[in-house]
Amino acid sequence: MASIEEIRNTRLAKLETLKSAGINAYPTTTERDCDLAETVLKFDKLSKKKSVSLAGRVMSLRPQGGLIFFTLDDGTGRFQGLIKSDEVAPEVFDLFSKTADIGDFLQVSGTLFVTKRNEKTLQIKTWKMLAKSLRPLPEKWHGLQDVEERFRHRYLDTLMSPEVKQRFVLRSKMVSEIRKFYDDNGYTEVETPRLQILAGGATAEPFVTHHNALDIDFHLTIAQELYLKELLIGGFTKVYEIGRKFRNEGIDATHNPEFTMLESNESYADALSQRQFIEKLFKHLVKKMFNADSIIHNEQKIDFAENFSVITFFDLLQRHALISNPEKIGREELSLKATQLGVTVEPEESLEKIMDNIYKKTCRPKLVQPTFIIDYPVSFNPFAKRKEENPTLIDRFQLVAGGIELVNAFSELNNPVDQKERYLEQDKKKAKGEHDISPSDKGYLEAMEYGMPPNGGIGIGIDRLAMLFTDAKNIKEVILFPTLRPKIEVAGKSERKIAVAVINKSLGLKRWEELNTAAHLSASLGARKGKSLLFQEEIETKDTRPVALNIQHAIMIKEAKSTADLAAFAREAREKNLSVTEFTREMLATTDDKKVIAETKAKNADEIEYLGVLVFGDKVKVEQLTEKFSLFS
């Protein structure tokens, strides 16, 4: 089988053939009478015409001696074409047979007829190259099996997989129906800034960029909520926005750093009325899009006909996480419970963060049917109004279906004094090391002091809703161009970063010492690079059991014959701006870091005894540095 480069060179030669014949292979104008879907529908009427012109991409070529059958696709449908050597001028047939390839865009003209196999067909009299393709399309029966390659080459994914294209058509229809529902209910669609001095309105870590002319940093928006509420202060009563949001967070099955949210606010509404509005919206969407009252997601039927279930957040933890007293539990006891449930607890995490992680691990996956979760602790959201009957709780709800969080909504806090106190709590969390916070916003507080009407706010994750409606298992399946790591192209090959650990074989280390060295080097790399090493944090088995995903880069272990070789290796790696981690005799001898620091400082560099060195970075650079070392034995 010819390589991609060989095929490309062959097609470049065909392009030269067209040029030599005085043909522009990329003309400006296309002449066609109708699209291919319309050709099928109006076939009988069009068959009476002496000539019909069509256009599309060649998806198949079937030469049979003096006949060449081919299939065109213009995005609306497919249609068969036929060119016969005895029906056209020899040079016309010869040029077609020598230069037309699968993937080319053609304009063809001729007469319509039906073949003996009852196939509607256009017999070609003349043809014109509209765009000569230089790369072959992937074979349909093989497709794009590499998931990341599918996302990276989405244009091929949608071209070769009709079901993928249809998923995005359905998403577009969904957004249109949501917009129409809001418009019909008296909402005004507005636009709010994407560049913000302060990224507020949600608890998330923002992306930061710099504006050169103003010489100030801006944050990409994490939410539009605060601006929408300022519009309510300004006299609007019902506003909404559908737009891109950006959160500097991990990537997993339901999170992408760039995503689409709908947020809305309605004056004189509260969480209860917004719950009723959301239930009507979802029932309307399912009926309108599927002409049904239920959908299938993850092989489970989700019924939207009945009233949605309602459960409190604490009841949910009692039922599924078996926490008997969630409203009174302390952080230490909750941390122990989290560990027992397989939930990782970081030192800086607050009680509510741990509680939320337990919910996500043990409760959310079990909520298959549409369920409203209500009555959250006040610390869960700095913008939600306290419940009058219990000020320790907020008047907030989330909607979950198919184990996916779809909606977050609440009665909006309109008390500027309470809001300032909530902001101070957020600032304290930031000081303790938490990143997912909403910082104090003096401008928003000032606006609130002019008077904000009681109102209800709604946030709908458009991508997650598309996941539910299209039965997608990963958010990347419903985002046309999801966030991916860039490829590094070297000498025509796709290259990535790698790690190579080199162990000092000259010291006669015991096997456990060698393993200990490799483990410490790997752990040190992980600590330095963090979650950037991961493609995503977890994957789920078919039965929703989470499996922690390993780093996406290869790790190789080699061996050195001397400490001097390792010292030189570390030095050269640093000169090439590669990441370096080292493990020395002092680090093996004790776990007392202060002692390791003191003993290392007391030595010259050439006195350090290296047990191992790990280098991480560009694959080509790392391989060049480590080719002198042999594989670890």
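**Exercise 1.** How far apart do the C-alpha centres of domain 2 and domain 3 lie?

*Solution.* The model is predicted. Start with the division of the chain: domain 1 covers 4–131, domain 2 covers 163–308 + 369–477, and domain 3 covers 497–631. Between the C-alpha centres of domain 2 and domain 3 the distance is 43 Å.

**Exercise 2.** Find which element gives the most residues to the largest nonpolar core, then list the contacts of Phe282.

*Solution.* Step one: the largest nonpolar core has 44 residues, and Tyr182, Ile278, Phe282, Val407, Ile460, Leu465 and Phe469 have the most contacts inside it. Step two: the elements giving two or more residues to this core include α7 (162–184), α9 (271–290), β18 (404–411) and α15 (462–470). Of the elements, α9 gives the most, with eight residues. Step three: with neighbours within four places in sequence left aside, Phe282 is in contact with Phe304, Phe308, Leu399, Leu406, Val407 and Leu465. Another core, of 33 residues, lies apart from this one; among its members are Phe314, Leu334, Ala338 and Leu393.

**Exercise 3.** Decide whether Gln419 is buried or exposed, and name the residues that Gln419 touches.

*Solution.* Gln419 belongs to helix α13 (residues 416–431). Its relative accessible area is 0%; the cut-off for buried is under 20%, so Gln419 is buried. Not counting residues up to four places away in sequence, Gln419 touches Pro382, Phe383, Leu413, Tyr444, Leu445 and Met448.

**Exercise 4.** Identify the residues of the nonpolar surface patch with about 330 Å² of accessible area.

*Solution.* The patch is formed by Ile197, Leu198, Leu214 and Ile216, and the area applies to these residues together. Ile197 sits in the loop between β7 (195–196) and β8 (208–211).

Note on methods:
Residues are numbered from 1 along each chain as its sequence is written. This is a predicted model: local features need pLDDT of at least 70, side-chain atom pairs count only at pLDDT 80 or more; totals for chains, interfaces and linings use all residues. Side-chain values use heavy atoms; hydrogens and water are left out. Domain bounds come from an automatic or database domain assignment. A nonpolar core is a set of buried Ala, Val, Leu, Ile, Met, Phe, Trp, Tyr and Cys residues joined through side-chain atoms within 4.5 Å. Buried means under 20% relative accessible area, exposed over 50%, partly exposed in between (1.4 Å probe, protein chains only). Helices (H or I, at least four residues) and strands (E, at least two) are DSSP runs, numbered from the N terminus. Contact means heavy atoms within 4.5 Å. Patches are made of residues with over 30% relative accessible area and no salt bridge: like charges are joined within 9 Å, nonpolar side chains (Val, Leu, Ile, Met, Phe, Trp, Tyr) within 5 Å. Accessible areas come from the Shrake-Rupley method with a 1.4 Å probe; for residues, only the protein chains shown count as cover. A salt bridge is a side-chain nitrogen of Lys or Arg within 4 Å of a carboxyl oxygen of Asp or Glu.
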